[in-house]
Each structure stands twice: as C-alpha cells, then as structure tokens.
Amino acid sequence: MRVLILGGTAEASRLADALVGDGRYAATLSLAGATRNPLLPAIPVRIGGYGGAAGLAAWLRHHATEALVDATHPFAQAISRNAVLAAAEARVPLLRVARPEWRPVPGDRWTVVPAMQAAAAALGPVRRRVLLTVGTREVGAFREAAHHHYLLRSVDPPPPELLPPDCRVLALRGPFTVEGELALLREQAIQVIVSKNSGGTATAAKLEAARQLGLPVLLVARPPGTGDAGSVPDWQGALAWLEARHRVRASRLV
Ligand SMILES: NC(=O)c1ccc[n+]([C@@H]2O[C@H](COP(=O)([O-])OP(=O)(O)OC[C@H]3O[C@@H](n4cnc5c(N)ncnc54)[C@H](OP(=O)(O)O)[C@@H]3O)[C@@H](O)[C@H]2O)c1
C-alpha cells in the first residue's frame, strides 16, 4: 500500500520508523526542507514543497498514493490545509495526527497569548532573562522587545539578522529531560519561558521544570485546525489506521 507521510515532527519519524521493513507498505516521508540536518528514517524521503495543494494532488495521483498521513506540526497550517484539499482532489484517504495540546495543571503559571508578537509584548517593560523555544521562523517578533536578554534554543540557528540584539543561540534538538531543563534554567538564571503550545512529549520537560521552579511561561495558543480530516492523537493511532486500511485493501484483492 503506497503511503505518503507529511512530516517534520517526531510523530512522523516514529511512524516512518515503524514501517521500515514492513512489506505491506511502500511509504515515503515528506519534509519541507526547513531543517539543515534532519534525522532521516530508512524509508524513501522526499524533501521540498509541492507548489501548493494542486501540486500535492498531482504528486498523490502520479504515485498512485493510497493513504495520506498528515503528521505535520500543529503550527504548520498551510501544509495541513493543502493536505485536505489535495486528498479530496486526488480521492486519497487522509488522516491527521493531531497531538493534544498542553493543558495547565495546578502550580503552572501560564499566560496564553494569541501570537508571537503578543508574547513579545507580554514580556513587559522591565528587562528579563528569557528562554525562547519558539523555533526560528518567528523569532524576529522579539526584536520589538529588544531590552530583554534572550536564550534561543532551536534545532538550527536562525539567520543572525532575525535575532534581537541581546540573544544567545543554543542549537539543540530534543527530546529534553526535566533534569536537563532544570539545570539550564538555573544556570542561565532564566526568569520566563516563551513557547508555542506544541503539545507532545519531546519538549514538555521545560513545562515541568518551570512548574518546579515557579517560573512563568508565555504560551502561544494553537492556530485553528483544518477540521476536515479524521484524526488520531499519536503515531500509534496512525499505524493502527494504516493497518486497518491495509486489511480492507487485502480483503478486496482476495
Ligand atoms: N511551524 C512550526 O512551528 C513547526 C515546528 C516544528 C516542525 N515544523 C515542521 O516544519 C515544516 C514547515 O513548517 P511551516 O510552519 O513552515 O509549514 P507551513 O507554513 O504549513 O508550510 C509552508 C509550505 O512548506 C511546504 N511544506 C510544509 N511542510 C511540508 C512537508 N512536510 N513536506 C513537503 N512540503 C512541506 C509546503 O509548500 P508547498 O505549498 O510548495 O507544497 C507548504 O505550503 C512542516 O513540515 C512542519 O511539520 C514546523
């Protein structure tokens, strides 16, 4: 069964790993090409955009794709919208892997903001030491709040011109542990963390560490989902979906 996995997330990579060597599937992992040295699974990988929904639909048809799994990041809106449109156009079943968002528990000091600019403004007028775990695309928003000291942790360093003036970059790939996060927050005397509400486990340790240290967290709210695809919360759910589709396919071929 020919499968396309739209990736760029831990879930997509885990699903791809689970399909390695499984003769029932011919799967391809699709990456945008945003990360310089992505961790690649042992299945075919396609890197780069399709040229919008029509291009993705054309790819699906050309490769006779039988199942499309959208396991992209919850903040990657364009590709998910394209997946819905392309799947409908090419008549390919679509599944969304939608990580549940993080929810506060007692002890959390979270402020939810609607966008990155609002997070920068919410840091306030007094200079603070800020841990930014917001990726690299939108870090430019913090140039508007140039009086703070920033520690930006991201997989790749962003172009220097995007950075606020007082910013150190820590190029690191998760997952992270609570112990490691506690040590980082203490060593760097961090006073506030800014993060997207990405959900998932790979980067959740910072929230537990912030709770233990009583630190405030500015959390950028999720954009609305595309809503049109069936969804599962994790890669195991996606694997079960593929297996169910494969069983139906096999029964039709008997
Ligand atoms: N946004 C985040 O916070 C975030 C965080 C971690 C990982 N990521 C991953 O990084 C990638 C880019 O994120 P983004 O927010 O820039 O996405 P986006 O705004 O939704 O997508 C922008 C364009 O990039 C291409 N694209 C995105 N994901 C792709 C994929 N998996 N395979 C092939 N092309 C893809 C598409 O180009 P065409 O229209 O030309 O097809 C899409 O229209 C995504 O794969 C996402 O899973 C994003």
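1. Arg-91 lies in the loop that runs from helix 3 (77–90) to strand 5 (94–97), where helices are DSSP runs of H or I with at least four residues and strands are runs of E with at least two, numbered from the N terminus. Although Arg-91 is not a glycine, its phi is positive, at about 55°. Arg-91 counts as exposed, with 9 C-beta neighbours inside 10 Å (exposed meaning 12 or fewer other C-beta atoms within 10 Å of its own, with C-beta atoms placed from the backbone).

2. This is a predicted model, in which local features need pLDDT of at least 70 and side-chain atom pairs count only at pLDDT 80 or more, while totals for chains, interfaces and linings use all residues. Residues are numbered from 1 along each chain as its sequence is written.

3. Ala-64, in the loop between helix 2 (52–62) and strand 4 (67–70), is another residue other than glycine with a positive phi, near 45°. Ala-64 is exposed, having 10 other C-beta atoms within 10 Å.

4. The peptide bond between Gly-174 and Pro-175 is cis, with omega about 5°, and Pro-175 belongs to the loop between strand 9 (167–171) and helix 5 (178–187).

5. Around the ligand there are 24 residues, of which Gly-8, Gly-49, Thr-72, His-73 and Ala-76 come nearest (a residue is near if its C-beta atom, placed from the backbone, lies within 6 Å). Helix 3 gives the largest share of this shell, 4 residues, and strand 2 (26–31) and helix 2 each supply at least two.

Notes
A residue is buried if 20 or more other C-beta atoms lie within 10 Å of its own, exposed if 12 or fewer, and partly exposed in between; C-beta atoms are placed from the backbone.
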